[in-house]
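Thank you all for coming; I would like to take a few minutes to walk through one chain with you. Please have a look at the sequence and the structure before I start.

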Amino acid sequence: MPSAPKWVFDTLDFFVAQIPRVQVSQTEYLSRSVKRISLQGDFAKFQFSVGAFFDIRVSDTNARRYTIAEINSDKDNLKLIAHIHGHGCGSDFMDDLTVGDHITLNKPRTEQKYYDKSAEKIVFFGDETSLALACSFLSVMQQEKKQYLFLFELDPENYHIPDLLGLENAMVFPKLTLFSDPAQIEELPIFKNNDWCDAYFVLTGNVTAVQNFRKVIKAQTQARVKHHGYWLQGKKGL
Ligand SMILES: Cc1cc2nc3c(=O)[nH]c(=O)nc-3n(C[C@H](O)[C@H](O)[C@H](O)COP(=O)(O)OP(=O)(O)OC[C@H]3O[C@@H](n4cnc5c(N)ncnc54)[C@H](O)[C@@H]3O)c2cc1C
């Protein structure tokens, strides 16, 4: 429920148990438009599967989804990575957060099973909104010794971020070019050799790019695909 009247969110906040005393403990701009936010709180009783997210109330009448990038072993500190794109209340809310702010969180949610334990090879595609999900994949893929490849479409100011986050085996492409055009997607090296044709593909981020990429994968390979468009140009609160 991305948008609803204020009384609806107020009622939910009243009846749904919230995680007590969650506070911003650190913020870092990894670039002008990507911000990593650390939250301190008692998260011990929750399950954090790959891709778990919070629906965060970002204004009186709006909630937006943000993925948990990582959580420490004591389960009292976790990190979010937000795209500060500047066109929405979620982006503004994340931009405004500073150390010491209290934040209201309901328990983390997982709607989709993104990670497939049985897959030996994983190709992950996304944009700035997918960086947190990529981080949550990375630790599990490394533990389970998977073969993996990250493909990102990013704004130029963010080309360095996969490296900075330790996302090894990453290829970075300019946004709104290659993945806007199925003919160019077909030319990607992964479709030119057989190494990745039996991989499990996970596609998130811009809805149009995700749909284009999925169409090409389906046409060119027998691979399994998990796709979830995170945002759509011109649409609020997808
Ligand atoms: C399960 C799930 C997990 C997600 N996890 C994350 C996460 O960890 N980090 C993260 O940053 N985002 C994440 N997202 C995406 C985020 O929830 C959306 O981008 C959301 O629309 C942002 O809300 P907003 O209020 O800033 O913009 P909205 O009010 O939703 O949209 C306002 C305008 O901004 C545009 N817009 C929205 N998002 C973007 C964008 N990224 N780039 C450019 N324009 C945009 C819309 O097209 C619209 O025109 C996730 C989404 C889902 C479904």
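This is a predicted model: local features need pLDDT of at least 70, side-chain atom pairs count only at pLDDT 80 or more; totals for chains, interfaces and linings use all residues.

The domain assignment of the chain gives domain 1, residues 6-106, and domain 2, residues 121-231, and the centres of domain 1 and domain 2, taken over C-alpha atoms, are separated by 25 Å. To the contact between them, domain 1 brings 13 residues and domain 2 brings 18 residues.

The size of an interface is often given as the accessible area lost when the parts come together. Here about 1,300 Å² is buried between domain 1 and domain 2, with carbon and sulfur atoms giving 64% of that area. There are 7 residue pairs in polar contact between domain 1 and domain 2, and 1 salt bridge is found across their interface. On the domain 1 side that touches domain 2, β2, β3, β5 and β6 each supply at least two residues, and β5 gives the most, with 3 residues.

Let me now turn to helix α6, residues 207-220, whose 14 residues should span 20 Å at 1.5 Å a residue, which agrees with the 20 Å between its end C-alpha atoms. At the start of α6, a side-chain oxygen of Asn206 comes to within 2.8 Å of the backbone nitrogen of Thr208. Which residues of α6 are buried? They are Val207, Ala209, Val210, Asn212, Phe213, Val216 and Ile217, and what covers these buried residues includes the strands β8, β9, β11 and β12, together with α5.

Definitions and conventions
Residues are numbered from 1 along each chain as its sequence is written. Side-chain values use heavy atoms; hydrogens and water are left out. Helices (H or I, at least four residues) and strands (E, at least two) are DSSP runs, numbered from the N terminus. The expected span of a helix is 1.5 Å times one less than its number of residues. Buried means under 20% relative accessible area, exposed over 50%, partly exposed in between (1.4 Å probe, protein chains only). Contact means heavy atoms within 4.5 Å. A polar contact is a pair of N or O atoms within 3.5 Å; within protein, one must be able to donate a hydrogen and the other to accept it, and residues adjacent in sequence count only if both atoms are side-chain atoms. Domain bounds come from an automatic or database domain assignment. Buried area is the accessible area (1.4 Å probe) that two parts lose on being put together, summed over both. A salt bridge is a side-chain nitrogen of Lys or Arg within 4 Å of a carboxyl oxygen of Asp or Glu.
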